[in-house]
Amino acid sequence: MSTIAETARLGQARRRASIDGWRWGGRIFLIFMLLYTALPMIWMLLTSIKSGFAAMQFPPQWWPDQPTLASYQKLLDPQNSVGQDFLRFFWNSLFVSTATTILSVIVAVPAAYAFSRFTFPGRNFLFFAVLLRNMFPAVIFLVPLFILMRAIGLVNTHGSLILTYLTFGLPLAIWLLKGFYDNIPVQLEQAARIDGATRFQAFVLIVMPLSAPGIIATAIYSFIGAWNEYIYAYTFLSKNEQLTLPVGIQRFFSENTTDFPGLMAASFMMSVPVVVLFLVLQRYFVRALTEGAVKH
Amino acid sequence: MTIVAGKTGARRRLRPLPGKIWEHRADYAYVLPAIAVMLIVIAYPIYYTIELSFFNTPPGLQLRDKIFVGFGNYTAILTSPVFWKVTSNTLIWTLASTFISFVLGFACALALHREFVGRGVLRAILIIPWVISAVAASYIWKWIYHSDFGIIGAVLVGLGLADRPPNFIDSVSTVLPSLIVVNIWREFPFAMIMMMAGLQTVPEQLLRAAKVDGANAWQRFWHVTFPHLRNVSTVTILLLAVANFNSFIIPWIMTGGGPSNASHIWITHIYELAFGRQRWGVASAYSVLLFLILMTLGYFYVRALSGNERKDAGA
């Protein structure tokens, strides 16, 4: 009798110990990952508030002796040439990314809806063709696209970037949105149509609001992709006043190879818009992935 | 009218194709904008790349004065030692980045699955590297790895582990692993988000039932959670593999492929051949080879995705 009770108790204790082991392992692992993720970003911030001289010391000043916002002031001051360039690059990036985002929502929503609702010959082929776009690296398309853009007169315009960025946002956008539409019962639309709505009204009034999280996720994805894109911008644009931030920063750095505080400040400011956007809207993004992409 | 109604599809399938296409003409209007953009930006470039891969374009020559060389570019590539060096770099880069990112991301998703104080904040911080630009990430890490003022070197010296700061990205033996660390830093959050989304679909009842039956944490994970996530895992790994295979920014900005090709991967090499040395023909031939490899990967990607579709249809 007593031995059975004892074994049971022992087993329980062992089980609890092993669960605690997993839990502690998980915590330690998360702390490690937090350090891996955050320390580089903290070091970026700390460097950005040093003077150029203070950054170039060995051993480094872990905490800046004389913190200064000079780098930020320089970048944001429209009076000097560095600030002028930076603000212009920032504006260019904002314009290109916003235009890309709006256009990709306009294009992706009907396409995803059709892929979800209709059967037409070639539907599967077209769907996978769209998805396959993501398999190919930008470099494959660079030369021919450059020639194409030159032929239609888009080289050195932001239009060339917007058109190109559209295509790499689209596949995931369509895929995500299709998952959403698959989960919205057809009966809802049918009910609206019986009540006298046209197909278009049913779509705008019933389906669109229900798929809002998917549309928001799509928009975030396109915006971030366009904001961070580098290769096409690097190849298609050569005029200084048209550069977007990633290329602009690279050019800035190749001219000022030792201004690490300035570079870190620029990297930080380039990251702020997308990080803020993502943090504010991230729950839509995770939800969209859960409902759209994963829960098939 | 054209809304899928299950059984009527069988009757429709008997009609001849042109009639079917005509009948569904209105449906194409919805996908037309997407397809048009895709055709311009994808189909044409692919055709042009294949054509160019059979030509030689000596530097200084206009592209239209190209010289036909048949498979010359391909044999030149496959017999050059640089090709094998770059290929092995690409393999190491892709496999290591994909595998480690996936494992770290999955582990984070599991560790974050349980509710605890500060979970949301932690999750948000872990995702940030994935959101910021790869150009910014490259510069941040370039500064961290800096051979004179880099923080890692300073820490190693401070702890007495090194006499002087090591040269992380200027040395042939350490450059590739150093860049992989940066790449993983940027990529594991993607695996984490995907797996977190996947974990939410694992039915809680099954886990509880397994617990009642005496399964321990590892057994519950291995026999219940993991099989449930097979599809998500496949898609995530394939997407990571493709993204890594196609990476460009991190090696390009941090090292430009150097020192002595030690961090050149396929894409940076192609870019350099095309835009640096103007050898468009060879670069195109490289692209075509790359294309074939990616199509193979793409086949598995589509199969993994249509596996989902089939299950969807069955449910």
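## Helices and nonpolar core

Helix H5 of chain B, spanning residues 81–111, contains Ala109(B); helices (H or I, at least four residues) and strands (E, at least two) are DSSP runs, numbered from the N terminus. The model is predicted: local features need pLDDT of at least 70, side-chain atom pairs count only at pLDDT 80 or more, and totals for chains, interfaces and linings use all residues. Residues are numbered from 1 along each chain as its sequence is written, while chains are lettered from A and ligands numbered from 1 in the order in which they are written.

Ala109(B) is buried because 22 other C-beta atoms lie within 10 Å. A residue counts as buried if 20 or more other C-beta atoms lie within 10 Å of its own, as exposed if 12 or fewer, and as partly exposed in between, with C-beta atoms placed from the backbone. The C-alpha atoms of Ala109(B) and Ile253(B) are separated by 30 Å, and the two residues are 144 residues apart along the chain.

Chain A has 13 helices and zero strands. Of its 296 residues, 44% are buried.

The largest nonpolar core has 157 residues, and Ala108(A) and Ile174(A) have the most contacts inside it. Such a core is a set of buried Ala, Val, Leu, Ile, Met, Phe, Trp, Tyr and Cys residues joined through C-beta atoms within 7 Å.

| Residue | In contact with (C-beta atoms within 7 Å) |
|---|---|
| Ala108(A) | Leu170(A), Ala173(A), Ile174(A), Leu177(A), Thr218(A), Ala34(B) |
| Ala109(B) | Met192(B), Met195(B), Met196(B), Leu199(B) |

Conventions: Two residues are in contact if their C-beta atoms, placed from the backbone, lie within 7 Å. Lists of a residue's contacts leave out its neighbours within four places in sequence.
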